[in-house]
Amino acid sequence: MKKLINDPKAVVDESVEGFGIAHADLVTVHPDPLFITRKDAPVRGKVGLVSGGGSGHEPLHAGFVGRGMLDAAVPGAMFTSPTPDQIIPATTAVDGGAGVLHIVKNYTGDVLNFETAAEMAEAEGVTVRSVLVNDDVAVEDSLYTAGRRGVGGTVFVERIAGAAAERGDDLDGVTAVAQRVIDGVRSMGVALAACTVPHAGVPSFELSDDEIEIGIGIHGEPGRHRIAMESADGITQRLLDPIVADLRLTSGDRTLVMVNGMGGTPASELYIVYRKVAELLEGLGVSIERSLVGNYITALEMQGASLTILRVDDEMLELWDAPVHTAALRWGA
């Protein structure tokens with residue numbers, strides 16, 4: 001294993017420290033307990049948005065802290081949920097008097113720790129709401145969760161709910177927008193090769209040179225099935241079909257599409273996937289109104305990709321297009 005690290009036990013702390021130095025104009029890093037807030041937090045009169053999860057999925061979540069998205073991100077240890085001791089001060093730090101929304105990916109540790117933190121923050125006088133992102137159509141249950149996993153749709157929830165908070169929606173309104181996104185977004189992933197968690201030192205799962213895993217999770221959890229390696233077009237069809245079926249997409253529907261790299265896939269290959277997605281959706285009469293192609297929610301250096309599709313309307317597009325200024329996503333600001 002070759003990695004640009006010093007000490008496997010210090011990867012998260014040193015990475016977040018470097019992130020804070022690189023983006024000191026956008027964020028403040030709070031080292032003990034570890035969390036990140038936007039530079040101007042708390043924003044008075046605005047709903048605060050907090051999310052977090054295990055490290056190793058960068059730029060999620062810290063890369064989406066800033067105007068138009070998150071007010072705070074809470075990074076746990078590698079592939080490990082953050083603790084309530086981190087989430088509570090992050091929540092209170094971004095409370096501008098209008099309450100705080102927790103955006104939680106559906107993994108057992110995340111759910112339990114954010115629930116505990118919300119209860120304790122409420123005891124300190126902060127009004128907290130929570131939404132659960134569960135967009136992965138690959139499996140109903142996995143090693144990490146009961147029900148569907150939260151994956152790429154988290155980016156869309158953080159962006160659109162963040163824009164709603166920025167325009168001045170109240171806590172109930174921002175929560176409702178976030179839930180609308182969750183209800184209309186689905187994802188599916190594929191792995192070509194595993195990642196290696198630094199402190200483990202060995203790949204998180206085994207795939208032979210001629211195998212791929214369809215429906216892989218962002219921690220290397222098993223998917224729907226393993227198959228022999230196929231062409232990019234064939235793999236893309238396998239990712240798209242269950243999303244189309246689950247969302248019941250039909251002619252005339254409008255969508256926002258993300259082709260996301262898992263950390264070790266060249267951009268050139270992601271655009272080959274996007275090309276096929278666009279062709280297949282056009283054949284169904286489904287329009288792509290906006291798109292993202294790149295690394296937005298990763299699994300260290302895993303080779304693979306995920307596809308996320310959100311059914312959109314005029315309001316969602318207006319919120320998507322509103323100014324955003326974060327380390328990983330910015331336009332109009």
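Author: What follows is a set of questions about the terms used for this structure, each answered by setting a value against its definition.

Author: This is a predicted model, in which local features need pLDDT of at least 70 and side-chain atom pairs count only at pLDDT 80 or more, while totals for chains, interfaces and linings use all residues. Residues are numbered from 1 along each chain as its sequence is written, and side-chain values use heavy atoms, with hydrogens and water left out.

Reader: Why is Ser187 called buried?

Author: Buried means under 20% relative accessible area, exposed means over 50%, and partly exposed lies in between (1.4 Å probe, protein chains only). Ser187 has 1% relative accessibility, and therefore it counts as buried. Of the 333 residues of the protein, 56% count as buried.

Reader: How do you know that the side chain of Ser187 makes a polar contact with the side chain of Thr308?

Author: A polar contact is a pair of N or O atoms within 3.5 Å; within protein, one must be able to donate a hydrogen and the other to accept it, and residues adjacent in sequence count only if both atoms are side-chain atoms. Ser187, which lies in strand 7 (residues 185–193), has its side chain in such a contact with the side chain of Thr308, at 2.6 Å. For touching in general, contact means heavy atoms within 4.5 Å. Leaving out residues up to four places away in sequence, Ser187 touches residues including Asp135, Val151, Ile243 and Leu307.

Reader: What makes a group of residues a nonpolar core?

Author: A nonpolar core is a set of buried Ala, Val, Leu, Ile, Met, Phe, Trp, Tyr and Cys residues joined through side-chain atoms within 4.5 Å. In this model the largest such core has 65 residues, and those with the most contacts inside it are Leu49, Phe156 and Leu310. Helix 4 (residues 153–166) gives the largest share of this core, 8 residues. A second, separate core of 28 residues includes Met188, Ile212, Val259 and Leu270. In soluble globular proteins, nonpolar side chains tend to be buried together.

Reader: How do you know that the buried residues of helix 8 line one face of the helix?

Author: In helix 8 (residues 314–321) the buried residues are Met316, Leu317, Leu319 and Trp320. Seen down the helix axis, these buried residues fall within an arc of 160°, so they line one face of helix 8; the arc is that of the directions from the helix axis to the C-beta atoms. The buried residues of helix 8 pack against several elements, among them helix 4, strand 10 (254–261) and strand 12 (303–311). On the other side of helix 8, Asp314 and Glu318 are exposed.

Reader: Why does Glu318 count as exposed?

Author: The relative accessibility of Glu318 is 54%, and therefore Glu318 counts as exposed.

Reader: What is said of phi in Phe79 and in Arg248?

Author: Most residues other than glycine have a negative phi, and most peptide bonds are trans. Phi of Phe79 is near 55°, a positive value in a residue other than glycine, and phi of Arg248 is also near 55°. Phe79 has a relative accessible area of 11% and is therefore buried, whereas Arg248, with 68%, is exposed. Phe79 sits in the loop between strand 4 and helix 2 (84–93), and Arg248 in the loop between helix 6 (232–247) and strand 10.

Notes
Helix = DSSP H or I, 4+ residues; strand = E, 2+ residues; numbered from the N terminus.
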